[in-house]
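Please view the sequence and the model together while reading.

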Amino acid sequence: MTNQFFYNRTEGDKEYANSFNVNKIIFTVEKDNGTILVVLDDIHERVFEIPIPHPKTGKPTGGVTRKRETVQSEITLSGDDVIRFKQLTEIK
């Protein structure tokens with residue numbers, strides 16, 4: 001696939017290779033620390049459960065409320081990935 005940008009994502013002491021479709025980029029924002037935030041056009045719903053607290057004690061009752069949230073992917077690029085991303089996407 002020629003439309004995938006591969007980058008490294010670090011979680012703790014492990015590093016993972018991830019990718020995203022460059023045709024789905026809505027916009028990017030360069031931060032003060034040199035990272036780039038990439039926002040994708042992939043709006044989707046995320047469903048999660050919130051515990052219902054007891055109204056007087058605040059302790060969990062065992063019940064849950066389901067909540068839906070509309071989100072889109074936000075990817076943070078750093079280091080060499082920023083340089084490669086700019087070289088790939090910059091219009092000259």
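I26 lies in strand β3 (residues 25-30), where strands (E, at least two residues) and helices (H or I, at least four) are DSSP runs numbered from the N terminus. The structure is a predicted model, in which local features need pLDDT of at least 70, side-chain atom pairs count only at pLDDT 80 or more, and totals for chains, interfaces and linings use all residues. Residues are numbered from 1 along each chain as its sequence is written, and side-chain values use heavy atoms, with hydrogens and water left out.

**Surface around I26**
- I26 is partly exposed, because its relative accessibility is 44%; buried means under 20% relative accessible area, exposed over 50%, and partly exposed in between (1.4 Å probe, protein chains only).
- Together, I26, F27 and V29 make a nonpolar surface patch of about 240 Å².

**Residue Y7**
- Strand β1 (residues 4-11) contains Y7.
- Y7 counts as buried because its relative accessibility is 8%.
- Neighbours within four places in sequence aside, Y7 is in contact (heavy atoms within 4.5 Å) with residues including Y16, F20, I75, L77, D81 and R84.
- From C-alpha to C-alpha, Y7 and S73 are 15 Å apart in space, and they are 66 residues apart in sequence.

**Residue D81**
- D81 is placed in helix α1 (residues 80-89).
- With a relative accessible area of 6%, D81 is buried.
- Not counting residues up to four places away in sequence, D81 touches F5, F6, Y7 and N8.

How values were computed: Patches are made of residues with over 30% relative accessible area and no salt bridge: like charges are joined within 9 Å, nonpolar side chains (Val, Leu, Ile, Met, Phe, Trp, Tyr) within 5 Å. Accessible areas come from the Shrake-Rupley method with a 1.4 Å probe; for residues, only the protein chains shown count as cover. A salt bridge is a side-chain nitrogen of Lys or Arg within 4 Å of a carboxyl oxygen of Asp or Glu.
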